[in-house]
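The following exercises are to be worked through with the coordinates at hand. Each task is followed by a solution that goes step by step.

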Amino acid sequence: MDFATLIQILDSTVRLATPLLFACLAGLFSERAGVFDIGLEGKMLAAAFLSAAVAAITGSVWLGVLAGIFASLLLAGVHGLASITFRGNQLISGVAINFLAAGLTVLLGQKWFGLGGRTPPLTSGGRFESITLPFADSIAPLPFIGPIYSELISGHSILVYLAIALVPASAWLLYRTRFGLRLRAVGENPAAVDTAGVSVIGIRYAAVAICGVLCGLAGAYLALGLAAGFGKDMTAGRGFIALAALIFAKWRPWYALGATMLFGFLEAVGNRFPSIDLGLFAIPSQFVQALPYIITVVILAGFIGKARPPLAGGQPYVKER
Amino acid sequence: MSAMPKWADAVLVPLISLLIAFVISGLVILAIGEDPVAAMKLMVTGALGSTYGWGYTLYYSTNFIFTGLAVSVAFQTGLFNIGGEGQASLGGLGVALVCLFVPWPHWSMAFVAAIVMGSLFGAAWAAIPAYLQAKRGSHVVITTIMFNYIAAALMIYVLVTVLRPTGAMDTASARFDASLKLPRLGDILGMVGIPFNNRNPANISLIVALIACVGVWLLMWRTRLGYQLRAFGKSEQASVYAGINPVRITMYAMLISGGLSGMMAINTVMGEAQRLLLNSVEGAGFIGIAVALMGRSHPVGVLLAALLFGFLYQGGAELALWTTIPRELIIVIQALVILFTGAMDNMVRRPVESLFLMLRKGKA
């Protein structure tokens with residue numbers, strides 16, 4: 001493998017990791033506040049659909065993003081209602097949301113566009129253009145640094161840079177602000193937060209809403225940045241890979257960046273090399289595709305560092321009377 | 001003393017939840033510009049109007065009985081097994097191997113072997129998540145989801161590179177020997193003089209599914225193991241204090257659950273397709289979740305819920321055939337049933353509870 005190929009693979013790693021990073025940070029906020037969310041997949045799917053539909057009709061990519069966030073927030077609201085207000089099982093609610101999105105996107109897509117669940121392909125105004133960073137063209141001829149800057153760092157859509165900027169932003173919000181402290185406390189010991197006179201319900205709804213916004217961005221990027229339109233079931237398990245990355249990252253923002261980049265890299269390698277020939281035997285592509293899931297199971301088993309979920313995760317909060 | 005009589009808890013609350021789910025489904029049909037009443041009529045005639053329709057309904061129901069029982073056994077033990085999809089596809093692999101590579105003299109022997117192999121393969125696929133949950137505390141929900149994806153990749157690999165006959169175009173195994181065809185429901189009912197359409201895939205696996213219902217009931221409510229499983233599901237701490245081994249119980253619950261999921265493959269792989277297809281499970285593993293939630297994890301409830309979903313599935317196929325409503329409507333209905341009977345249970349339960357409390361106060 002030569003340098004140019006490596007740059008290409010890393011370039012597509014960044015692109016493929018972006019939706020995972022958005023979704024992983026989304027799950028991070030929700031789960032750090034004690035609300036498990038296996039409905040990331042469904043929220044992303046709904047966002048991808050509505051953003052592509054609105055962008056196709058209006059021709060505006062930003063209206064599309066807003067619509068995607070709206071769709072995702074709607075489902076996040078359902079999840080909040082079920083798991084916070086009605087104290088239902090958060091896992092079951094997540095499963096329901098995934099199916100709701102899988103069904104409704106096709107139903108509405110067929111009704112609106114009649115293309116078997118797809119949205120019309122987006123033209124230039126309706127999807128994100130890549131941004132060329134300053135000096136990219138002038139630095140490009142330089143050896144080594146040139147390709148790294150002009151191909152790997154420059155030339156992505158704005159959402160890619162936003163996703164990466166969200167990592168320090170999330171870390172700051174979680175560890176350096178009062179809201180972040182409360183959010184983490186609600187996920188570990190809600191009774192203590194309640195005693196301090198802070199609304200557990202309020203903080204949890206806020207966390208679920210942040211999760212909705214971020215999933216919306218993840219879905220919008222899928223439909224408007226990575227692809228040019230919505231296709232039936234286009235998330236293809238990315239919500240669950242993001243969940244896997246979240247566990248791998250031990251529910252921490254900077255680790256989330258590393259984990260999603262690793263899983264993005266695996267996907268990029270899998271796309272580039274259908275099967276990897278090691279001389280003695282060939283690794284089938286299916287194995288590379290399944291690797292994120294296998295890694296997650298190994299991590300969950302505690303063989304590579306112990307992942308400890310938030311203590312109050314999954315439990316509805318009942319105020320003492 | 002609980003706030004509600006038992007019948008209200010077991011029947012009334014699920015029925016109200018179900019009603020809400022269906023009303024919203026009707027609204028969804030309205031929203032996409034179709035007539036819900038006409039759609040319902042079409043579903044009823046398509047699924048229940050002829051023995052042909054009934055055959056398909058019962059064929060789908062057979063799948064859902066197996067996966068519903070699988071989820072419910074795990075639920076009773078306090079475990080949420082979302083891995084039915086993966087376990088059932090591995091069960092399909094077991095059934096296919098036994099049908100492809102052993103020269104059986106009679107279908108009945110192959111059938112017994114297929115039941116054993118299907119459930120063994122399904123149980124084996126549930127064993128790793130079970131062990132990790134029991135021994136290392138890794139959450140079984142996440143690991144079973146991961147195992148669904150690993151199973152999907154494994155099945156593609158097996159079908160593309162191992163089981164696909166050379167020169168064949170589609171990713172599927174070779175056809176089983178013609179002598180291994182299972183008796184269709186029409187044949188069985190024909191023997192006792194009941195005329196039943198024979199051009200549908202309902203087969204003898206339905207009877208196995210019904211036996212499994214009785215078996216699960218006996219296991220859960222009439223044996224020591226069943227008592228331990230349910231006790232563990234009610235309170236892990238109390239049951240451990242009472243001397244129940246948590247590792248053993250978790251393993252048993254997941255192995256039984258995986259085995260039941262895997263057994264589903266006798267119906268789809270051996271009963272219908274007569275070869276192993278890619279994605280032979282078609283979401284039945286997930287529908288099992290809705291079935292178990294609706295059936296309150298009781299075999300009788302699971303049987304009724306599986307019949308309902310069999311009807312929805314066949315009715316939905318008819319809808320897709322005659323109207324512009326896509327098949328995905330069923331996924332929406334399934335989602336709403338899971339949402340209202342599972343996650344939003346308290347939304348219905350609390351008002352009903354206070355209603356009963358009011359009634360009792362009025363009497364006193």
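A residue is buried if 20 or more other C-beta atoms lie within 10 Å of its own, exposed if 12 or fewer, and partly exposed in between. The model used here is predicted.

**Exercise 1.** Determine what percentage of the residues in chain B is buried, and describe the fold and dimensions of that chain.

*Solution.* Applying the cut-off above to the 364 residues of chain B gives a buried share of 53%. Turning to secondary structure, chain B has 16 helices and 0 strands. Its radius of gyration is 21 Å, close to the 21 Å that the globule rule gives for 364 residues, so chain B is as compact as a globular protein of that length. The C-alpha trace of chain B spans about 75 × 55 × 40 Å along its principal axes.

**Exercise 2.** Describe the side of chain A that touches chain B.

*Solution.* Begin with the count, in which 37 residues of chain A are in contact with 36 residues of chain B. Next, assign the chain A side to elements: α3, α4, α11 and α13 of chain A each supply at least two residues, and the largest share, 14 residues, comes from α4(A).

**Exercise 3.** Is A:Trp251 buried or exposed, and where is it found?

*Solution.* First locate A:Trp251 in the loop between α11 and α12 of chain A. Then count its C-beta neighbours inside 10 Å: there are 23, so A:Trp251 counts as buried. As for the backbone, A:Trp251 has a positive phi of about 60° although it is not a glycine. Most residues other than glycine have a negative phi.

Methods: Residues numbered from 1 in each chain as written. Chains lettered and ligands numbered in written order. Predicted model: local features only at pLDDT ≥ 70, side-chain atom pairs only at ≥ 80, totals over all residues. Contact = placed C-beta atoms within 7 Å. Helix = DSSP H or I, 4+ residues; strand = E, 2+ residues; numbered from the N terminus. Rg over C-alpha atoms; globule rule 2.2 N^0.38 Å.
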